[in-house]
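Subject: The structure we talked about

Hi,

Here is the structure I promised to pass on. Have a look at it first, and then read my notes below.

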Amino acid sequence: MERYDPAKIEERWRRVWDEEHTWEVPNPGQPGFDDSAPKYYVLEMLPYPSGDPHVGHLKNYSIGDAIAHYRRRNGFQVVHPMGFDAFGLPAENNAIKTGEPPRVATERSIEAYRKTFDRLGFSFDWARELSSHEPSYYRWTQWIFLKLLERDLAYRNEALVHWCPVDQTVLANEQVIDGHCERCGSLVEARQLEQWFFRITEYADRLLDDLDTIEWPEHVRTMQRNWIGRSHGAEVVFRCEELGIDFPVFTTRPDTLFGATFFVLAPEHHDVERLATGTEHEDAVREYVNEAVRATAEERGAMEREKTGVSLGRTVTNPVNGEEIPMFVADYVLMEYGTGAIMAVPGHDDRDYAFAMTYDLPIRQVIRPQMPGSGETAAGVSEDAMSSTDELPYLGDGDMVNSGRFDGKHNREAYDEIVAWLESEGRGKPAVHYRLRDWLVSRQRYWGCPIPVVYCETDGIVPVPEDQLPVLLPEVDDYAPKGQSPLAAATDWVQTECPKCGGPARRETDTMDTFVDSSWYFLRYLDAHNDEAPWDRAAVDYWMPVDQYIGGVEHAILHLMYARFFTKALADMDYLGVQEPFARLFTQGMITRDGAKMSSSKGNVVSASETVERYGADTARTYVCFMGPPDKGGDWTDESVQGVHRFLTRLWRLKEEVTERMEAVGGDGAGATGKAGQLLRKAHWAIDKVSRDIERDFGFNTAIAAVMELVNETYLLKDDLYGDPAGDEALRFATTTAASLLFPFAPHLGAEVYEALTGHRVWEDPWPKADPALLESDVFTLVVQVNGKRRAGVEAPAGASREELLDLARADSAVRRHIDGKEVVKEVVVPGKLVNLVVK
Ligand SMILES: [Zn+2]
Ligand SMILES: [Zn+2]
């Protein structure tokens, strides 16, 4: 008996798939395209190539590959591409440290990834491979930039931006985690700079509403909803009469307007300077503002932070009651939310309340809770207790007080009336605000896609004409950022000719956020070698949307939001026919090791290639799908890897035994009874279970467990089945079925065992179908007679053998009473019906 040698088996099948280009799939109109088959686009988030792939990659791609194989064998035309998100900071930081050009390090990593992916036998269509750092790709990233610019969806503006002092670059809001740089962990600073933005806010409503049209995990949709943060309220205008300046504020609580006792501007508000200049507060204000902008938004917004501020010595008029209320600058008000100014209602807001307590400002209650059940106000019952500021701030609903003609009304009823009244007075209007900000896309870094515009003294910003794309990334000697992009040092490259007037012009030296590169790669796969256009419309119309997208939940906001925005913008320009890129999303859980998160600092990272070298690709792949429900995390232990390896070895040995001990037999054992029937039913049960588990939310772990059960059952029954034609057929069928069902997870072993038993290539055969007749109730009532007289009815497994039925019959106590002490002279067995024992 040959021993299970994964390296040998896996190499053999890899070569077949590679030489025959098995997993390549044509586009519409190309040879071999199947018009009749339904399409399926399965996609895993493309990796950022850095170092070696780890087991997180292994899990991501093993899940996707299982789906791809399953769909192919169910008659779908499947596209399953792979590529690399190659621009980005790690390669650039390495370049700064070692002087090695980012391209060299990146391409070395890509090689390592490709090698590991090849060794794992993933069924990627490599003919569609792309890498975002190649000019043939980023040429079209630049093209999309120009299209967005044409539609006014890309614009340049001065903005207060998050600046990482270590990476020397601007960060998007989303890249600031608790006030720290997502990449290097440094405390982020605020800076005023000219930057490129994409107008994603234009799509806020559609990005929100269309979440209802896609099959995504609810928690991911919730994260996107919160990020967009749509809130309904009113814009109310407060006026500083002294200087004649109007200050619009956005509030979700116009019903509390009568409780506004002061007014606060964010330190960055552009009117702060003007308001303070020439007053006795000027110096204090300037000092405070300088101090405040250094803190991060998250620190400043934190509830527990001590509220600080400084008086402006000015007032604004509250439009509802004409009161003059004092103005402050305070850093708990953030410029990036609302209008950078708020009406402060300390009676009904936590932060305003804390500020009012610190600065001894008036606190006025304008809403009182209703007593439960009575409809009477609590204040009416116990005036003193409820009007005491001890009960404030009060955040709930109730009846309005201290609110002029709205007194006594329920605050929810008064809400619309107040807004309508403000509107009639020209001092306000209903408004919707969003937390979502425009996407800041420029980076002062080298290793990214150059932004295709030039600056001309005469013409200003001039887009590089499409026929001059790509704007190639120039070679430089020094990758270290110095407050501007290292590209600025490439003088010959920077100095150029204006495409419009031919005069001298200067190239944009910023590069694009790498999230731009990954916002459209799923489209390029569909026509990766097109030199004339970013994609062929027919190909994209056929394949899009992605039917199943698979990746980590850490991309729930940024990448997925940006890709959705690009898809909608491109659809609006009629380059695409779909509104959403990813019809279904699956987020896999994180792998821990022995209960701890893997990290290079702890030295407990499991490398994918090491596992493969030790146990083979099939064990590694099957293990990551088996270690737990794939959407949950899983804990990597070497013992469990060995357990999966033993299981695959058992299947291999079964194949060896079955092929050696048995003449080649055909048929599927249909109609077999007894133990052969029992095994057949087990095999059909496994087909049904595995199919349903894969279809249902990625129940890979239970699907693999079902194949293990089938293999165990086969081991238990095999010695009783050899030699009997029906038994041989059942054995062969069960082993073949196990190989066939395991193929999506362990493709090499699956193909090997399947071929040895059938002479077929498993991926060319359809996915097995369970016979419903064999899935039907697997027990029946066995009638037991003694000397022709019914003595018992015993539950027996359908298809139980003659011996099993006799054992069951003899075990029944009623039957025993009639046969004990007597000699059984004859046993009559009618399978599936009855046993008659003749005694004397
Ligand atoms: Zn940083
Ligand atoms: Zn010009």
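Let's start with a definition: on a 1 Å grid over the protein atoms alone, a cavity is a set of points where a 1.4 Å probe fits but cannot get out, and its lining residues have an atom within 4 Å of a point. Grid points are joined across faces, edges and corners, and a volume is the space filled by probe spheres set on the points. With that in hand, the second largest cavity holds about 60 Å³ of space.

Some housekeeping. This is a predicted model, where local features need pLDDT of at least 70, side-chain atom pairs count only at pLDDT 80 or more, and totals for chains, interfaces and linings use all residues. Residues are numbered from 1 along each chain as its sequence is written, chains are lettered from A and ligands numbered from 1 in the order in which they are written, and side-chain values use heavy atoms, with hydrogens and water left out.

Back to the cavities. By class, the lining of the largest cavity splits into five nonpolar, six polar and five charged residues (nonpolar is Ala, Val, Leu, Ile, Met, Phe, Trp, Tyr, Cys and Pro; charged is Asp, Glu, Lys and Arg; polar is the others, Gly among them).

Around the second largest cavity you will find, among others, Tyr-40, Ile-67, Tyr-70 and Arg-71. Here α2 gives the most, with three residues, and the lining comes out as five nonpolar, one polar and four charged. For the element names, helices (H or I, at least four residues) and strands (E, at least two) are DSSP runs, numbered from the N terminus.

Now the metals. Donors are N, O and S atoms within 2.8 Å of the metal (3.2 Å for Na, K and Ca), and water is not among the atoms, so sites may look incomplete. Which residues hold the zinc ion (ligand 1)? Its protein donors are Cys-164 (SG), Asp-167 (OD), Cys-181 (SG) and Cys-184 (SG), at 2.1 to 2.3 Å. Asp-167 sits in the loop between β5 and β6 and Cys-181 in strand β8, so this pair ties together parts 14 residues apart in sequence. Both Asp-167 and Cys-181 are buried (buried is under 20% relative accessible area, exposed over 50%, partly exposed in between, with a 1.4 Å probe and protein chains only).

The zinc ion (ligand 2) is coordinated by Cys-456 (SG), Asp-459 (OD), Cys-498 (SG) and Cys-501 (SG), at 1.9 to 2.3 Å. Its four donor atoms subtend angles of 105 to 116°, which makes the arrangement tetrahedral (four donors count as tetrahedral if all angles lie between 85 and 135 degrees). Ideal angles for four tetrahedral donors are 109.5 degrees. Asp-459 is partly exposed at 25% relative accessibility, and Cys-501 is partly exposed at 41%.

Last, look at His-162 in strand β5. Is this residue buried or exposed? His-162 is buried, because its relative accessible area is 15%. Its contacts (heavy atoms within 4.5 Å) include Thr-169, Val-188 and Glu-336, leaving out residues up to four places away in sequence.

Cheers

Conventions
Tetrahedral: all angles 85-135°; square planar, octahedral: opposite > 155°, others 65-115°. 1 Å grid on protein atoms, 1.4 Å probe; cavity = no way out; pocket = protein on both sides within 12 Å on 5 of 7 lines; lining within 4 Å.
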